[in-house]
Amino acid sequence: MSDILSHLNESQRKAVEHTNGPVMVIAGAGSGKTRVLTYRVAMLLEKGVDPFNILALTFTNKAAREMKERILTIAGNSEARNVWMGTFHSIFARILRIDGHLLGYPSHFTIYDTDDSKSLLKAIVRELNLDPKVYQASSLLSRISACKSNLISAGDYNRNEELTEYDRTSGRPFTGTIFTKYADRCFKASAMDFDDLLYFTNILLRDFPEILFKYQQKFKYILVDEYQDTNFAQYLIVKQLAAKHENICVVGDDAQSIYGFRGANIQNILNFQKDYPEAVAYKLEQNYRSTKVIVNAANSIIANNKTQLQKTIWTDNDEGTLITLLRASSDNEEGTLVAQSVFENKMNLQLSNSQFAILYRTNAQSRAIEEAFRKMNIPYRIYGGLSFYKRKEIKDLLAYFRLVINPNDEEALNRIINYPARGIGKTTMEKIVVLSGEKGKNPWQIVENQQCLEPVLNLGTLHKISDFVTMINSFRMQLLNKNAYELARHIALSSGLMKELQEDATPEGINRTENIEELLNAIKDFSEKESETVFENPEAPPPSIRTLDEFMSEIALLTDADEEDDDDTEKVSLMTIHQSKGLEFPYVYIVGLEENLFPSLQSLSSRADLEEERRLFYVALTRAERKVTLAYAESRYRWGNLTLCEPSRFIEEIDPRYLDLPKKISTPKNLFYDDDFVKPGSALSGFKPKNFTKVSEISNKSPKAAISTTEASDPALIQPGMEVLHQSFGQGKVINVEGSEGNRKATVFFPGVGQKQLLLKFARLKIVNSA
DNA sequence: GTGTGATATCTTTTT
DNA sequence: GATATCACAC
């Protein structure tokens, strides 16, 4: 261990060695925060602390997994796997499965994801005959979520004058009613949404002192990563659990707080020393990740924020290259420029794809980038976006599993009662919902009870329903005696879902079938793998088979970012800045630096939000080890139509000493309308095509062309894959051709020169080899 | 009750 | 450009 400590700098070492009492570590970007956390856990184990007494909370499963792996390496002790390490949500879901019965929840409760929550809210709004445009599911959910994060229950909400008054004046007086109904329906469905996991943990600890005591005893040492991103509910859980031993260590960086929209309260970290007057604070200010240029540029950005803890991030690393800025006329061109730049750097500097990351503000921006990368044949991997577990066919099959495990799960029932179609339609479902409202029961209890249904349904429908119920019940009987894979496969086949998908021979249909196969394979792996879950009683023998409900509780909180890429091709990473938090890449491209996009439109109304956007930009910059490239487009397709964009204010906020401005930028813009892009409605739009035709005619007949030794081929014949000859660049290979008629553009790679985009009517390429 | 085509609304960011 | 909902025909 002592030589392990030698891997740390002085402040890191102090933070690691100070194991008892409250400690706060303010860790600047790239300052070795994860290192401190992992070494600290290793240090605790070294000192003989039982791993079952250590609780380490992270924000992503990925971070937890990585940390666990590293600790295993450092500590060289397999005991380390018994540390309670995971996200807030997964750790407290585990606790609620053990002790949630005290609150009336079964241990197999369902976790509703955002889609489930929204769909339930929509149903409630419909049932109350309210206007879904006024009561939008997404805004209702964020309001409810904000309440729960601040431990405000539906009852509290309705009693709170301020909240209800606000709803009345904003024309949504029934928000409180909806909240109440939503909470009630979730409970009846034995379901918790993401916020409930934290909310009910708080209730559990508040109302059952013996439970609080139990976990206080258990978690003698508590570590919290990304403390700046905790919300009130999380803060209070940690505070209560730590109250007995006060061996709490929080690590964070106020400059990287980017989850305010989710209720994260930056005050939690700013007030830590008020909560624990004896707390010792350590600052990690040396950055080991990035070049001086990057560190200084990032500092110059964050200096524009008013609320922050004082610290000076510095580095001993090289000066590095200046930040470059790419200006594109459109979002598509931005993609092309970025892909070209990646390609050039890769070739010139002999780098691999995985050394590059493209970061953007919104998921929607990935498309243009993706397209450009596809055209250039650069392998990439998108993080987030449409997660595997969010695909329809996967959600359908999972809904079967959910319903089998928890028949009360209303959203699962809704999803599959008529999928594949079995003649139980909208009207029938409506009747069922009405009945469940009247009898105060959940839909499954109604569906299961034939007597209930007899008065309102005809015999045919009644039969269809009872067949469905029998099927689900027969699955349930096998829950404990079949392993997860056998049962999952059985369900996929005998529910008819597999058949339904196989009948669809379109490429999408085949893909869906493959996805189901993939899910089944994942379950197979799971069934065969030994359980790694920490059991309440470590001495208890592991259960002989791994069941489907175990699988479901393990994946409920997985997100796409946690998915491992088994394909070992080297790929460029594409992700939102939020997802990039905690990661690092040698070369980072930050795209879409435009006003109203980054910073986003909705952040511009308040100083706090704008500062959060700025911190987001800070996070993006500090992901880079060697070089940052920024990009923006002058126009972009937003919800279908073209919008003009201004460069982001953040570009100007960077100290110009660290920025390599393109010479282009100071020249009059219209000189650079060198391609098919014309601003709609601008004075140019009517004239441009004509002018261009003329120019091209002239150039073809110009004297220069006449004396040229090479004879140009007809631009219309140029196709990707061809070898072509250019007057000054020499021979090259056509990678891509795009654009229409007179404005066809080719991307050509010239060995030794690099990749060039050429307007075919000017380029006068000669086809050398059309193979 | 089911399936098809038209249309409105959408975009922050995530557990 | 994509998805969710609605109107309409079978």
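A residue counts as buried if 20 or more other C-beta atoms lie within 10 Å of its own, with C-beta atoms placed from the backbone. The model is predicted. In helix 18, residues 366-375, the buried residues are Ser366, Ala368, Ile369, Ala372 and Phe373. An α-helix has 3.6 residues a turn, so residues three or four places apart point the same way. The buried residues of helix 18 pack against helix 17 and against strands 12, 13 and 14. After helix 18 comes Asn377, which has a positive phi, near 60°.

**Chain A as a whole**

Chain A has 771 residues, of which 43% are buried. Its secondary structure comprises 34 helices and 24 strands. Among contacts with a separation of 6 or more, 75% join residues 24 or more positions apart.

Seven strands form an open sheet with parallel pairing, in the order 13-14-12-15-16-11-19. Strand 13 and strand 19 (659-660) are at the edges and have a single partner strand each, so one side of each lacks a neighbour in the sheet. Within the sheet, strand 15 (residues 585-590) pairs with strand 16 (residues 624-633) in the parallel sense, over five bridges. Val588 has Val628 of strand 16 as its bridge partner. Helix 17 lies across strands 11, 12, 14, 15 and 16, and runs at about 155° to strand 16.

The two angles between elements described in this report are set out below.

| Pair | Angle |
|---|---|
| Helix 17 and strand 16 | about 155° |
| Helix 25 and helix 27 | roughly 160° |

**A helix pair**

How do the axes of helix 25 and helix 27 cross, and within what distance do they come? The axes of helix 25 (residues 484-494) and helix 27 (residues 507-528) cross at roughly 160° and come within 8 Å. Angles over 145 degrees count as roughly antiparallel, so helix 25 is roughly antiparallel to helix 27. Helix 25 contributes Ala484, Tyr485, Ala488, Arg489 and Ala492 to the contact, and helix 27 contributes Ile516, Leu520, Ile523, Lys524, Phe526 and Ser527. By class, the contact has eight nonpolar residues, one polar and two charged.

**Pro51**

Pro51 sits in the loop between helix 3 (33-46) and strand 2 (54-58). Is Pro51 buried or exposed? Pro51 has 22 other C-beta atoms within 10 Å, and is therefore buried. Apart from neighbours within four places in sequence, Pro51 is in contact with Leu45, Glu79, Ala80, Asn82 and Val83. The C-alpha atoms of Pro51 and Ile111 are separated by 28 Å, the two residues being 60 residues apart along the chain.

Definitions and conventions
Residues are numbered from 1 along each chain as its sequence is written. Chains are lettered from A and ligands numbered from 1 in the order in which they are written. This is a predicted model: local features need pLDDT of at least 70, side-chain atom pairs count only at pLDDT 80 or more; totals for chains, interfaces and linings use all residues. Helices (H or I, at least four residues) and strands (E, at least two) are DSSP runs, numbered from the N terminus. A residue is buried if 20 or more other C-beta atoms lie within 10 Å of its own, exposed if 12 or fewer, and partly exposed in between; C-beta atoms are placed from the backbone. Two residues are in contact if their C-beta atoms, placed from the backbone, lie within 7 Å. Two strands pair if DSSP finds at least two bridges between them. Axes are lines fitted to C-alpha atoms, for helices over the stretch in contact, and angles run from 0 to 180 degrees between N-to-C directions. Angles under 35 degrees count as roughly parallel, over 145 as roughly antiparallel, 65 to 115 as roughly perpendicular and the rest as oblique. Ala, Val, Leu, Ile, Met, Phe, Trp, Tyr, Cys and Pro count as nonpolar, Asp, Glu, Lys and Arg as charged, and the others, Gly among them, as polar.
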